[in-house]
Amino acid sequence: MQDSRVDRLSLASPGPSDTALAHYAGRDLQPNRGIPLNLAWIDAVRVNTSAVERRAQTLVTRRTVKKEWQAAWLLRAITCMDLTTLSGDDTDERVRRLCAKARQPIQQELTQKLGVEGLAIKVAAVCVYHTFVETARRAVEGSGIHVAAVSTGFPAGLSPLRERVNEIRRSVEAGADEIDVVITRGHVFGGRWQALYDEIATFKDACGPAHLKVILGTGDLLTLRNAARASFVAMMAGADFIKTSTGKETVNATLPVSLVMVRAIRDYAQETGMAVGFKPAGGMRTAKQALDWLTLLKEELGTSWMKSDLFRFGASGMLADIERQLEH
């Protein structure tokens, strides 16, 4: 494989101007600053579930990218990963091992065979509980890998608001670059959009310089319309990313709910001129799924979203299968 081919396909920056985060339909897009809550927009949201499911099915049945093009896309998938450990038996040593894998996600021998040593492939972030933020920060120092902390009473998000906000602030003070928060799902069920907006805006303020990734818990939200409406509220409140799941729900990331959220991101970008990132999380284990989700991003939002600034996989288990596929 030629170095230039892999570089061009997997890691070269796509087309927006130097000052833009992304672009869509010829328009430069800026980072999300949020907007006032627009209840009329939320009320007008409709989702044709059968049409969404048909569209999602086409993504997994069509011919996919092959050979060196597939290798390039899989390398891109690695650079968009949040390697995660969120277990009750986590230790500092486990987090340090995770960070070592984040720095060198594929074996050196394999990078040599692919001819991509010069690309310095690494994951986008490591995601840990607050307790391990400082350990992770030290372990990835100088690598450019971000440290993300799950916060706000993860995964249920039902602790008192003051405690959740203080948890965010402590993680940022400990060195977290990104905060993954969970919303109060009850606000969605009750249609309490102002309460949801205020909650997320409070989280955004507590993040300070850190990026806010808002977990909707779509497996708990019951309908695609709920997922779409929650997506819009989160973006209006200033989310830098919207994320499907905690990974702890019975149902996690699916292509139909991802399609709904990505189209919400597209509509928000067209309306506001601001770009929001997307993170599917949980339930993804294979290299084929990585290609499916990248295809979704490319077809619905374009190549400028196919980078770690705007797309993440919350799928640590996927890395091993990607390595196996790259060996071929």
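Reply: What follows is a walk along the paired strands, one after another.

This is a predicted model, in which local features need pLDDT of at least 70, side-chain atom pairs count only at pLDDT 80 or more, and totals for chains, interfaces and linings use all residues. Residues are numbered from 1 along each chain as its sequence is written, and side-chain values use heavy atoms, with hydrogens and water left out.

Helices (H or I, at least four residues) and strands (E, at least two) are DSSP runs, numbered from the N terminus, and two strands pair if DSSP finds at least two bridges between them. We can begin with strand S4 (residues 125-129), which is joined to strand S5 by five bridges, the two running parallel. Within this pair, Val 126 stands opposite Val 147 in S5. Together with helix H7 (residues 133-140), S4 and S5 make a right-handed β-α-β unit; a crossover is called right-handed if, with the strands pointing away from the viewer, the path from the first strand over the helix to the second runs clockwise.

Strand S5 (residues 146-150) is itself largely enclosed by the rest of the structure, because four of its five residues are buried, where buried means under 20% relative accessible area, exposed means over 50%, and partly exposed lies in between (1.4 Å probe, protein chains only).

S5 also pairs with S6, in the parallel sense and over three bridges, and here Ala 148 stands opposite Glu 178 in S6. Between these two strands the chain passes through helix H8 (residues 161-174), and this β-α-β crossover from S5 to S6 is right-handed.

Moving on, strand S6 (residues 178-182) pairs with S7 over five bridges, in the parallel sense, and Asp 180 has Lys 213 as its bridge partner in S7. Strand S7 (residues 211-215) is mostly covered, with four of its five residues buried.

The walk ends with strand S8 (residues 241-243), which runs parallel to S7 and is joined to it by three bridges.
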